[in-house]
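Subject: Structure for you to look at

Hello,

Here is the structure I said I would pass on. My notes on it follow below.

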Amino acid sequence: MTNPGSIRHPRWRWSAAAATAITVVALALALAPGVAAAGPVTAPAPPAGRPVCDIRDDRLTEISGLVATDDGFVVVNDGADEESRRRIFFLDDRCRVVRTVRYPSRPRDTEDLAVGADGTIWVADTGDNDRARRTVALWRLSPGEGRPVLHRLTYPDGAHDAEALLVDAAGRPVIVTKQGGSAGLYRPAAPLRAGGTVPLARVGQVRLPSTTTGNPYSFLGRRVVTGGASAPDGRRVVLRTYADAFEFDVADGDLVGALTTGRPRSIALPDEPQGESVSYSPDGRFLLTVSETANQPPGTRPRILRYALPPGPTPSARRTEPGPTGRAADRGAADRAGDRAAAGPGSRDRAGRGGTASLVVGGVAVALALVALAMVGAQGGRRSGGR
């Protein structure tokens, strides 16, 4: 149907046409194929970790705990079914086993490793898939000692499965449970006693943000805590799931406060076969991970991977002088350059130029559209006043 106004008012007919033309130009600019940056941008897939080295010892296919040291790594297996695997394994920087330490008695289910500021290694014997253990345990291997010491602990609220262990600035171990949603934080309520049992106190809970990172266990794999680590300088702490790592800032040594009230930065750990281990690099600039490979195709080797950290506090010196398992200085700017290259050459520049182009073109389109609307409003006002 013809617009009556366009017949009665020739000047309005011409102005409407001009406004329409301007609007078309604005839309063309906004939707031009050569300016795709003006529209929604699909987020790139998270980068995979950069390989560090493969572990080729056949005893190490169910690695559940990892610590990086000055000259290599320390790892433990998940579980204790085979005698040859009931060890604390020391590796060099090429992932070759150079030393092992036996437990003086049989562990139940070793799940994580942590290292204190003085170089003490802590092993979390806290796995309990059936939630049937009356006690859990920590093994402590002090610098220079040839065998770890056993400390038994009891939960105040029933059995829990736990796969993550942290050590706070005061040298106190903190156990993080594995249940989805809110993970419980437990700390010894009394000084540990060699060979004795002390109670644990629940000191808080931590809720991790939701993500969409791909992993073998889908939604559940993104919700359960499978490992943890403290940065060498004590200013950051990280918890991991099967899919992601979440880094928290620690103020004034308050690790529990950081986990219960802090807002973490997320690091995607995509498609690791069964990621249960995490550690900071000796310089605190990267995260290191390794997965179990027991259920993978024959010949699959555990591979230590390195991930770049998001911006956060600048890593500083160690909290104290290191022991035999203390952390080392930066291993080279070339490694950091390699991580930047893995993200694609010039990716930041392209992103910046694309964002600027998007803003300019979008601004021009909006301005033209506003001019068109102004012309329509002005002519409409004159038309109404003439009636």
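The structure holds one disulfide (a pair of cysteine sulfur atoms within 2.5 Å). C53 is joined to C95, with an S to S distance of 1.9 Å. The two cysteines are 42 residues apart and link distant parts of the chain: C53 is in strand β1 (residues 50-54), and C95 is in the loop between β4 (87-92) and β5 (97-102). Helices (H or I, at least four residues) and strands (E, at least two) are DSSP runs, numbered from the N terminus. The disulfide is right-handed, because the torsion about its S-S bond is about 55°. C53 is buried at a relative accessible area of 10%, and C95 is buried at 3%. Buried here means under 20% relative accessible area, with a 1.4 Å probe and protein chains only.

This is a predicted model, in which local features need pLDDT of at least 70 and side-chain atom pairs count only at pLDDT 80 or more, while totals for chains, interfaces and linings use all residues. Residues are numbered from 1 along each chain as its sequence is written, and side-chain values use heavy atoms, with hydrogens and water left out.

The largest nonpolar core has 18 residues, and L166, V176, V206, L239, F248 and L259 have the most contacts inside it. Such a core is a set of buried Ala, Val, Leu, Ile, Met, Phe, Trp, Tyr and Cys residues joined through side-chain atoms within 4.5 Å. At least two of its residues come from each of β10 (162-167), β11 (173-177), β12 (182-188), β15 (236-240), β16 (244-249) and α4 (255-261). The most come from α4, with four residues. Beyond four places in sequence, V206 is in contact (heavy atoms within 4.5 Å) with V176, G181, S182, A183, L185, L239, F248 and L259. A second, separate core has 15 residues, including V101, Y103, L113 and L141.

V76 is in strand β3 (residues 72-77). V76 counts as buried because its relative accessibility is 0%. Leaving aside neighbours within four places in sequence, its contacts include Y103, L113, I63, I88 and V123.

Regards

Technical notes:
Buried < 20%, exposed > 50% of the residue type's maximum accessible area, 1.4 Å probe, protein only.
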